[in-house]
Amino acid sequence: MSARFGRTELPEEQERALRRAVRLAWLTIAFLVTAVAGTYLAMGSSQAMKAAWMEDMLSFIPPIAFLIAVRRTRRPPTPEHPYGYHRSVGVGHLVAATALCAMGAFMVFDSASGLVKAEHPPVGLMEVGGYTFWSGWLMIAVLAYTAVPPVLLGRAKMPLAETLHDRVLYADADMNKADWMTAVGGIVGVLGIGLGLWWADAVAALFISGSILKDGVTNLKVAVRALMDARAETYDGKDPHPLVLAIDEQLTSLDWVKEAQSRVRDQGHVFHVESFVVPRPGYAPTLEDLRLAREMSVDLDWKVDDIVVIPVEALPERMLPGVGERTSSHDADA
């Protein structure tokens, strides 16, 4: 049986991407269990190690949010949720971003306080198997272990996030790809302690905390915009989605359509589309015309499933803000 998001049946490419993304999410969780345990055991009193440990703990949120969101979005629409459960992706994105912001802000304050108070974290010696060595080497080994796997996981998830148009998966991949900086920052802080630079540990912790806060703020902006029905954008929230223009061009290409414009909102993985079409003078579109126009738009992309085509006398500016300016500009260019 084919995988679905609600009533939207996924093409083979997206189905494969979804299965792989789920496997990578579970693999990420398994890795984080080992990373959190190892960092906690080696942490000592180092602020940089504490910040790295907190980041690893926060890194659980995106993959868990992704798995929950995917499970919820598979549910079909109900009378209480006629649009389906696609917004679960946006909710998961918002939860992950809020947690990052809150903990990032707290950690920035905590790290800055340690720097202002000139706290000197002790990193002593430890004995294992009859050998005595500086415990900082153990910290560095643990941080080095946590540096490489997240980068590989992030690189593997990023194209899947684009294929599935999944912003929770994108946020997870983006954080994973940047995790090497956390590990390097922590290693620099621990080496600084070994060299007698007490402030290096606090500075490294501040750097890691700032990175967490930046990730949180960036993702929070994108998540809030999506939940407030901003125009449909690409999976990374950087540009208007090209599918919006493609839908309008497809409808305008019909013989009986004079002009067309759509308003498109991102429901999560799929789009909700309302397309307003102005028939050519003297032509009254039939139900068959409207059905074919809808099917042509649906065939453009798997994300276009929930779409209505509305014939109007003129493009309604009340529902399409700025349409008058765009129409005037188009006429001037013509």
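Helix α8 gives the largest share of the lining of the second largest pocket, seven residues. The model is predicted: local features need pLDDT of at least 70, side-chain atom pairs count only at pLDDT 80 or more, and totals for chains, interfaces and linings use all residues. Residues are numbered from 1 along each chain as its sequence is written, and side-chain values use heavy atoms, with hydrogens and water left out.

The second largest pocket has a volume of about 290 Å³. Its lining holds 15 residues. Nearest its centre lie Y170, D174, K214, D215 and T218. Two or more lining residues come from each of α7 and α8 (198-227). A pocket is found on a 1 Å grid over the protein atoms alone, as an open set of points where a 1.4 Å probe fits, with protein on both sides within 12 Å along at least five of seven lines. Lining residues have an atom within 4 Å of a point. Grid points are joined across faces, edges and corners, and the volume is the space filled by probe spheres set on the points. Helices (H or I, at least four residues) and strands (E, at least two) are DSSP runs, numbered from the N terminus.

Confidence was examined through pLDDT, the predictor's confidence in each residue, from 0 to 100. The protein averages a pLDDT of 84. At least 70 is scored by 90% of the residues. Residues 327-334 stay under 50. For this stretch the model has one contact (heavy atoms within 4.5 Å) beyond four places in sequence. Where pLDDT is low, the predicted coordinates should not be read in detail.

The expected span is 1.5 Å times one less than the number of residues. A kink of about 25° lies at K157 in α6, shortly before the proline P159. Such a bend is the angle between axes fitted to the seven residues ending at a position and the seven starting there. The buried residues of α6 include P150, V151, L153 and G154. Buried means under 20% relative accessible area, exposed over 50%, and partly exposed in between (1.4 Å probe, protein chains only). The cover over the buried residues of α6 includes β1 (4-5), α1 (12-42) and α7 (167-194).

H165 follows α6 and sits in the loop between α6 and α7. Its phi is near 50°, a positive value in a residue other than glycine. H165 is buried, with a relative accessible area of 2%. D229 also is not a glycine, and has a positive phi of about 60°. D229 is in the loop between α8 and α9 (242-252). D229 is partly exposed, at 36% relative accessible area.

Helix α7 has 28 residues. It reaches 41 Å from its first C-alpha to its last, close to the expected 40 Å. At A178, α7 bends by about 35°. Because 20 of its 28 residues are buried, α7 is largely enclosed by the rest of the structure.

A97 lies in helix α4 (residues 88-116). A97 is buried, with a relative accessible area of 1%. Beyond its neighbours within four places in sequence, A97 is in contact with G216, N219 and L220. A97 and V224 are 127 residues apart in sequence. In space, A97 and V224 are 9.6 Å apart, C-alpha to C-alpha.
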